[in-house]
2 protein chains.
Amino acid sequence: MPFGDTATNPAHLRLLEEWLRGYRPEELFDEQGALVPQLGALAPAGARRMGANPHANGGQLLKPLRLPDFRDYAVSVPRPGHASAEATRVLGKFLRDVMKANGARRNFRVFGPDETASNRLGDLFEVTDRAWLAERLPEDEHLAPDGRVMEILSEHTCQGWLEGYLLTGRHGFFSCYEAFIHIVDSMFNQHAKWLKVTTKEIPWRQPIASLNYLLTSHVWRQDHNGFSHQDPGFIDHVVNKKADIIRVFLPPDANTLLYVADWCLRSRDFVNVIVAGKQAQAQWLDMDAAVKHCTAGIGIWEWASNDIGAQPDVVMACAGDVPTLETLAAVALLREHLPQIRVRVVNVVDLMTLQPREEHPHGLADRDFDALFTTDRPIIFAYHGYPWLIHRLTYRRTNHANLHVRGYKEEGTTTTPFDMTVLNDLDRYHLVGDVIDRVPKLGYLAAYVKQKLRDKLIEHRQHITRTGEDMPEVRDWQWPG
Amino acid sequence: MPFGDTATNPAHLRLLEEWLRGYRPEELFDEQGALVPQLGALAPAGARRMGANPHANGGQLLKPLRLPDFRDYAVSVPRPGHASAEATRVLGKFLRDVMKANGARRNFRVFGPDETASNRLGDLFEVTDRAWLAERLPEDEHLAPDGRVMEILSEHTCQGWLEGYLLTGRHGFFSCYEAFIHIVDSMFNQHAKWLKVTTKEIPWRQPIASLNYLLTSHVWRQDHNGFSHQDPGFIDHVVNKKADIIRVFLPPDANTLLYVADWCLRSRDFVNVIVAGKQAQAQWLDMDAAVKHCTAGIGIWEWASNDIGAQPDVVMACAGDVPTLETLAAVALLREHLPQIRVRVVNVVDLMTLQPREEHPHGLADRDFDALFTTDRPIIFAYHGYPWLIHRLTYRRTNHANLHVRGYKEEGTTTTPFDMTVLNDLDRYHLVGDVIDRVPKLGYLAAYVKQKLRDKLIEHRQHITRTGEDMPEVRDWQWPG
């Protein structure tokens, strides 16, 4: 701003005029103010214009990925909770075959800050390598100039590479430690704003592949890293952007993760955030159930509920793999100690279903939300991230006043998996306590159960201090169904 | 993790043992497993231990800043709304004298990405320069090796410098374009986590100066920059961290900004976020009123309310300079067109007063919140940032069901200041419409006023399209009191 006051300062206006006259406008424009034809002719025409270069409108070049059938990678789950898998390792097999199927087209890459193997996507290295152009040593593994896994310990660079790759008409997948994806908050902002403007306001822009984040090595399993590695707040950051372009998924197990990843790779013009753990954990849904559950994005888990044909006394809701595990363990404790309580279990995969439909295209209609969550029963909601987000998404819903959310509240250290949930009151014992506090009909009986829970938490503390591991009854717990 | 399975794989256990025996533990430890005395003696003792170096526990070195009386920098406000000032320019005079008063101690620096002058803190250059060690050219301004303003167009570097400066016992102030402070989200996380652990759990750590952010050139005034420069979400990010160490202030004018800045510079072990504009704007409070208002952090503006001695029909709440302006303009419109409506105006400086006291030490007691916001009247809340945050902070309050929040909803471009509020429904005309929609007693009368508002918004659109400037009645509007 060389002059800010030309409207009121004639001396500055004169200086501005002198300056601009230095460009000799009389040679550049005709008397009507139009550019003289000789100059206009200098600009390239038609497809040679910079903005008409298809690489600047990547959707013109975009070819759909060839995707193997994700159902072929399903983990066998004969009964809910009676199978174990590392969700991201299962996903790795699917991504490996996506890579293979599109090898000839060379339009798919996986990005990540030196964590592809740590995030258990290592099967990719059966069909490609890490892109590497410099010197190689004998001990180096999976480095090659034409490798299609892009690894560098700079989330910024990964994000920049991926944005460029998508904008020029290709497909990508970014896996990252959950806590450190905040490093690209500001870059995500600009991509989201770009998508909002180009997809909604510029009709000649062709759709591009979505920007897909897999956030793993998440807050609840930092057995070796600790407090610095615990931040589930990227979701909060993402949902501030325009609802039209934002999707957030919290698949509770491997088969649901497969469904979600396939969906994301087929989608266009979104930013998709998937949060899923890499550790071995109980599996809940076989592929058929996973497809149905994920297609809706939210639903009652009938096999875990005992309110069929009756009114529930409490709705136990969960979103995220660890919260789902703790919720089901709490339900099992309730069945054992307070069998008279009718419990409904609701699992959320697509977080945006919680928002009102006017706010997000995936939002449940109020009638459907009320049917799931009731209009008057207490809801105990175990959530993967900062608990306030669930309130923010649901404050307009009928039964919001009865909603009680547990989640990460910035308590953590290097400790056992179960202790992380205990430190944040998200563990099975606290969840049962939350139910007892909110279901009025229990009366005197409740005191005995609450004391048992208290004792269990004391046992837990003593056990982990002595052994460094969770109690066998926690570690080896299985859904009793 | 060279071996992950030593508990179950004896062959790996043996390899691990072989490896560790390579360090010859029998020479390092005695039979009880204690380090042999000769080795123990190698570590420095007492104050020579690395952790005992006072620079590693900066609070030991910390000297309070010498602060001039902020009241001396007050803008004269004879009547609310009948003075104009650029808030950050006023702050710049105060910071200049803070710099001067502590020049000999050399323990205060101002940080920012090349925006000290753009953010109107340029008076600092009367007493110091930008730190600059390289070559200087004749046209360079205010560069010197001993300059105490640290400028570099890298928010990361500014944040890193400032953290190091604070951790070693000095004081600092970071001014930044609001939208781009997200660049340091992840670094802020680690500093906030560090503060939480050291201040609450490690008693020998001495308090350090707070990390002070001034976010300016904010979302509502991007007359030249536009959509890419619009993101008020750093507050959302910050309030996910432990309440004990987080403070957020939205002073509505220059005198309140002076109070808040003085408070922040005196505070210890916090992260303070101040959001304040740099543009010339109406001033509301004289210094005496500003001190009272900011000490409480929230309060009724009696001079703008007309419900004294009666029940209010509506509470008009506001937080942030532009929302405060629009709220007062809406109140003036209501007085003119619907004088029978009783309006109470509540202004929020300290955002954390909205949270329940159990959640944040600055939170209002429920009784006090209910007294301000009533338990049953509609509340129209004009907020600086993403509107959902206000719901998140207040969802437990009695009158939450009647709370209606306007704020930034990701609509914007390079446009006039008033048009930014129109695009996001935060402008005076929308606010009056919100009141009309929610105050039942207006009945048939309301339709005429609503039509007037609609016509004004159409006039506005035509005017800015034609002239590039806001309508005179908006631009020159003054509080009629």
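In the predicted model, B:Ala74 lies in the loop that connects helix H3 (37-40) to strand S1 (84-86) of chain B. This residue counts as buried, because 20 C-beta neighbours are found inside 10 Å and the cut-off for burial is 20 or more. When its neighbours within four places in sequence are left aside, B:Ala74 is in contact with B:Asn255, B:Leu258 and B:Met287. B:Arg392, by comparison, stands 318 residues away from B:Ala74 along the chain, and the C-alpha atoms of the two are separated by 34 Å.

Helix H9 (residues 287-296) of chain A has a buried side and an exposed side. A:Met287, A:Ala290, A:His293 and A:Cys294 are the buried residues. These four lie on the same side of H9(A) because the arc they cover around the axis is only 125°. In an α-helix there are 3.6 residues a turn, so residues three or four places apart point the same way. On the other side of H9(A), the exposed residues are A:Asp288, A:Lys292 and A:Thr295. The elements that cover the buried residues of H9(A) include helix H8 (254-266), S11 and S13 of chain A. Just after the helix, A:Gly297 adopts a positive phi of about 90°.

Chain A contains an open sheet of five strands with mixed pairing, in the order S11-S13-S12-S14-S15. Its edges are formed by strand S11 (298-300) and strand S15 (403-406) of chain A, each of which pairs on one side only. With direction ignored, neighbouring strands of this sheet are turned by 20° against each other on average. Strand S14 (residues 379-383) of chain A pairs with S15(A) in the parallel sense, over four bridges. Within this pair of strands, A:Ile379 is found opposite A:Leu403 of S15(A).

Helix H10 (residues 321-337) of chain A packs on the sheet, where it touches strand S12 (314-319), strand S13 (343-348) and S14 of chain A. The direction of the helix makes about 155° with that of S12(A). H10(A) comprises 17 residues and reaches 24 Å from its first C-alpha to its last, close to the 24 Å expected at 1.5 Å a residue. Because 13 of its 17 residues are buried, H10(A) is largely enclosed by the rest of the structure.

In chain B, an open sheet of five strands likewise has the order S11-S13-S12-S14-S15, with mixed pairing. Strand S11 (298-300) and strand S15 (403-406) of chain B each have a single partner strand, so one side of each of these edge strands is left without a neighbour in the sheet. The twist from one strand to the next averages 20°. Strand S14 (residues 379-383) of chain B runs parallel to S15(B), to which four bridges join it. In S15(B), B:Arg406 is the bridge partner of B:Ala382.

The contact between the two chains takes 25 residues from chain A and 25 residues from chain B. On the side of chain A that touches chain B, helix H6 (185-201), helix H7 (234-238) and helix H12 (388-394) of chain A each supply at least two residues. H6(A) gives the most to this side, with seven residues. By residue class, the side of chain A that touches chain B divides into seven nonpolar, nine polar and nine charged residues.

Technical notes. Residues are numbered from 1 along each chain as its sequence is written. Chains are lettered from A and ligands numbered from 1 in the order in which they are written. This is a predicted model: local features need pLDDT of at least 70, side-chain atom pairs count only at pLDDT 80 or more; totals for chains, interfaces and linings use all residues. Two strands pair if DSSP finds at least two bridges between them. Axes are lines fitted to C-alpha atoms, for helices over the stretch in contact, and angles run from 0 to 180 degrees between N-to-C directions. Two residues are in contact if their C-beta atoms, placed from the backbone, lie within 7 Å. Ala, Val, Leu, Ile, Met, Phe, Trp, Tyr, Cys and Pro count as nonpolar, Asp, Glu, Lys and Arg as charged, and the others, Gly among them, as polar. A residue is buried if 20 or more other C-beta atoms lie within 10 Å of its own, exposed if 12 or fewer, and partly exposed in between; C-beta atoms are placed from the backbone. The arc is that of the directions from the helix axis to the C-beta atoms. The expected span of a helix is 1.5 Å times one less than its number of residues.
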